[in-house]
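Here is a short report for a reader new to this structure. Look over the sequence and the model, then read on.

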Amino acid sequence: MAKKTSFSKPNQQFILSDLTAWNFIIFLTLAFMLIVAVVISLKNLRSTDYRTRAAAKCPAVTTTCPEGKAVCFTGGDNCPVCVCSTQ
């Protein structure tokens, strides 16, 4: 008759420490994936101008002059500037 081999139950403390190690590895993996996602999304940010679109709009320009001709040009902030010329 063959002798039965008995497998001992794993120690409860060993299982607990093994699961703790795996939890730490999973945490590190997820943290690394999050960092990669943030870096990629920041890399795709095309503009460093954080002004809102409402603040960056140009004021309304009127080109009607009572006498003379309106001379328009682009100002320093890329907004049109019109000046009345008397000539």
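A residue counts as exposed when its relative accessible area is over 50%, as buried when that area is under 20%, and as partly exposed in between. Glu67 has a relative accessible area of 57%, so Glu67 is exposed. Its place is in the loop between helix 2 and strand 1.

## Confidence

This is a predicted model. The average pLDDT of the protein is 75, and 71% of the residues score at least 70. Helix 1, residues 12-43, has the highest mean pLDDT among the elements, at 85. Helix 2, residues 53-56, has the lowest, at 57. Where pLDDT is low, the predicted coordinates should not be read in detail.

## Overall layout

The protein holds two helices and two strands. Read from the N terminus, their order is α-α-β-β. Strand 1 covers residues 69-74, and strand 2 covers residues 80-85.

How much of the protein is buried? Buried residues make up 3% of the 87 residues. The exposed surface comes to about 8,700 Å², and carbon and sulfur atoms supply 64% of it. Now take the contacts between residues at least 6 apart in sequence. Of these, 0% join residues at least 24 apart.

## A nonpolar patch

One nonpolar surface patch has an area of about 810 Å². Its members are Trp22, Ile25, Ile26, Leu30, Phe32, Met33, Val36 and Ile40. Ile40 belongs to helix 1. With a relative accessibility of 46%, Ile40 falls between the 20% and 50% cut-offs, so Ile40 counts as partly exposed.

## The disulfide

How many disulfides does the protein have? The count comes to one. The partners are Cys72 and Cys82, with their sulfur atoms 2.0 Å apart. The torsion about their S-S bond is about 105°, so the disulfide is right-handed. Cys72 lies in strand 1 and Cys82 in strand 2, so the pair ties together parts that are 10 residues apart in sequence.

## Residues of the two strands

Ala70 is another residue of strand 1, and Val81 is a residue of strand 2.

| Residue | Relative accessible area | Class |
|---|---|---|
| Ala70 | 25% | partly exposed |
| Cys72 | 43% | partly exposed |
| Val81 | 32% | partly exposed |
| Cys82 | 24% | partly exposed |

Which residues does Ala70 touch, leaving out those up to four places away in sequence? They are Thr63, Cys65, Val83 and Cys84. From C-alpha to C-alpha, Ala70 and Val81 are 9.8 Å apart in space, and they are 11 residues apart in sequence.

Val81 has its own set of contacts. With residues up to four places away again left out, Val81 touches Val71, Cys72, Phe73 and Gly75. One of these, Cys72, is also a partner in the disulfide. The C-alpha atoms of Val81 and Pro59 are separated by 9.5 Å, and the two residues are 22 apart along the chain.

Notes:
Residues numbered from 1 in each chain as written. Predicted model: local features only at pLDDT ≥ 70, side-chain atom pairs only at ≥ 80, totals over all residues. Heavy atoms only, no water. pLDDT = per-residue confidence, 0-100. Helix = DSSP H or I, 4+ residues; strand = E, 2+ residues; numbered from the N terminus. Buried < 20%, exposed > 50% of the residue type's maximum accessible area, 1.4 Å probe, protein only. Patch = residues over 30% accessible without salt bridge, like charges linked within 9 Å, V, L, I, M, F, W, Y side chains within 5 Å. Areas by Shrake-Rupley, 256 points an atom, 1.4 Å probe, with all protein chains shown as cover. Salt bridge = Lys/Arg side-chain N within 4 Å of Asp/Glu carboxyl O. Contact = heavy atoms within 4.5 Å. Disulfide = S-S within 2.5 Å.
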